[in-house]
Amino acid sequence: MLTVDEAQTLVLDSVSALPAERMPLLKALGCVLAEPVVAPIPLPPFDNSAMDGFAVIAEDTRGATPETPRALKVIEELPAGRAPQCRVQPGTAARIMTGAPVPAGAEAVVMVEHTRPGLPGEVEVLAAAEAGDNIRPCGEDIAAGEVALAAGLVLGPGELGLAAALGSTQVAVIRPPRAAIVTTGSELVAPGEKLRPGAIYNSNQVAIAGSVLAAGAEISCCRHVADDEAAVAEALAECGDADLIITVGGVSVGDYDFVKTALQRVGEIKFWRLLMKPGKPLAFGHVAGRPLFGLPGNPVSALVTFELLVAPALRKLAGRCQCLPVAIRARLLSDLSHKPPRREYVQALTRRADDGYVVQPHAKRGSAMLTSTVGANSLVVLAEESRGARAGDLVEVIPLAGAGL
Ligand code: AMP
Ligand code: MG
């Protein structure tokens, strides 16, 4: 049996980033930039005012105070978006709003709070200004020709905003991976349908689909098949436009577990079974060059194995550098038992306290008990050879993707 670390290495070594595509900015949110964005213009593109006020020559305001105001003739009004027509000459000023271009001749902007109306057509300046005051110089944010966004960056709202500020409508990004989901099991009916004796609702379909979306990937198709080897093999062969295939259930040693044999028929298996709890039975292989994960059917096992193996593979396909979950340390709030030899992952709620993180494991631990996931934002990791941990111990915790820890 492989350890989780060995399995993660093997999985990540066998997938690589998808090709780049040009996409409209908003579609690229959360994607990895494939080509740098070079600034075609400086930002800001022209000297502009950082305040509502008056554009002046610094010398004209020397010694200005409320008791000794300096009166200046107002020659022009400049709202944002209007190009100046006049030059500010000694003894004159232009009324200017935030973002408007600074007119020629002006050296500073006196904020409106430091002025008051004077004689008709005049303003009284009540404070001295230094050259450069309240002016945002052309190119102070970025110069033309500079790399604004380097390849490899994950595009968030700020990065997209910068691309737009430079006039881009599209960027070249690694496209989000598409996952196919095939749930298996003759006992399963879709929620909303009548529950016949012996049947249960298919909960993994929506849980795993939600995990795919939370990992920033897309769903290419979502199917359910009965425990029938030919049906499973056919479903796998039909996942043609997926970048990654996920099956759920039917991967253990039961008489009706057909995922492994079906995978052997239409693809190849790289490993099966891991030293982890929950989630020992887990098949990984390839179908027509696409990675396939055969997740166990127990709902908590499916979610945990997704987090540890499928989500990292989706991140690698999406071009991310950091693919594996990053562990933090947290102080345990209640005792946790553990028996070797499998590494165990316990659903838990981690939060910040005054002196670091604290973590409360869920009272329920069964791999079939979905209530153990309610409110959980993280997994406590108990090492293979651990004999458990006590309240107060510092333990390793991995945040769940998209849980907002
Ligand atoms: P399996 O891995 O197919 O042996 O399934 C293990 C357990 O998980 C069984 O109790 C199944 O009924 C249950 N199970 C499998 N698939 C699902 C599913 N899609 N939704 C809910 N429970 C499932
Ligand atoms: Mg089954």
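Analyst: Of the 405 residues of the protein, 43% count as buried. The model is a predicted one.

User: What makes a residue such as V358 count as buried?

Analyst: Buried means under 20% relative accessible area. V358 has a relative accessibility of 3%, so V358 counts as buried. This residue is in strand β25, which covers residues 356–361.

User: Which residues is V358 in contact with, leaving aside its neighbours within four places in sequence?

Analyst: They are A330, R331, L333, L349, T350, R351 and A353. Contact here means heavy atoms within 4.5 Å. D255 is 103 residues from V358 along the chain, and the C-alpha atoms of the two are separated by 43 Å.

User: How many helices and strands are there in the protein? And how do you know that the protein is more spread out than a compact globule?

Analyst: The protein has six helices and 28 strands. For 405 residues the globule rule gives 22 Å, and the radius of gyration is 31 Å, well over that value, so the protein is more spread out than a compact globule. Along the principal axes, its C-alpha atoms fill a box of roughly 95 × 50 × 40 Å.

User: What share of the contacts with a separation of 6 or more is between residues 24 or more positions apart?

Analyst: Such residues account for 70% of those contacts in the protein.

User: Now the helices. What describes two packed helices?

Analyst: The angle between their axes and the distance between the axes.

User: Why is α3 called roughly parallel to α6?

Analyst: Helix α3 (residues 204–214) packs against helix α6 (residues 299–317) at an angle of about 15°, and their axes are 10 Å apart. Angles under 35 degrees count as roughly parallel, and therefore α3 is roughly parallel to α6. The crossing of α3 past α6 is right-handed.

User: Which residues meet there?

Analyst: From α3 come N204, A207, I208, S211 and V212, and from α6 come P299, A302, L303 and F306. By class, the contact of α3 with α6 has seven nonpolar residues, two polar and no charged.

User: What makes α1 roughly parallel to α6?

Analyst: Helix α1 (residues 4–13) and α6 cross at roughly 30°, with axes that come within 9 Å. The cut-off for roughly parallel is again under 35 degrees, so α1 is roughly parallel to α6. This crossing is right-handed. On the α1 side the contact is made by A7, Q8, V11 and L12, and on the α6 side by L308, L309, P312, A313 and K316. Seven of the residues in the contact of α1 with α6 are nonpolar, one is polar and one is charged.

User: Which residues of α4 and α5 meet, and how do they divide by class?

Analyst: E229, A230, V232, A233 and L236 of α4 meet V259, T261, A262, L263, R265 and V266 of α5. The contact of α4 with α5 has eight nonpolar residues, one polar and two charged.

Note on methods. Residues numbered from 1 in each chain as written. Chains lettered and ligands numbered in written order. Predicted model: local features only at pLDDT ≥ 70, side-chain atom pairs only at ≥ 80, totals over all residues. Heavy atoms only, no water. Axes fitted to C-alpha atoms, helices over the stretch in contact; angles between N-to-C directions. Helix = DSSP H or I, 4+ residues; strand = E, 2+ residues; numbered from the N terminus. Parallel < 35°, antiparallel > 145°, perpendicular 65-115°, else oblique. Left-handed = near helix turned anticlockwise from the far one by under 90°. Nonpolar A, V, L, I, M, F, W, Y, C, P; charged D, E, K, R; others polar. Rg over C-alpha atoms; globule rule 2.2 N^0.38 Å. Buried < 20%, exposed > 50% of the residue type's maximum accessible area, 1.4 Å probe, protein only.
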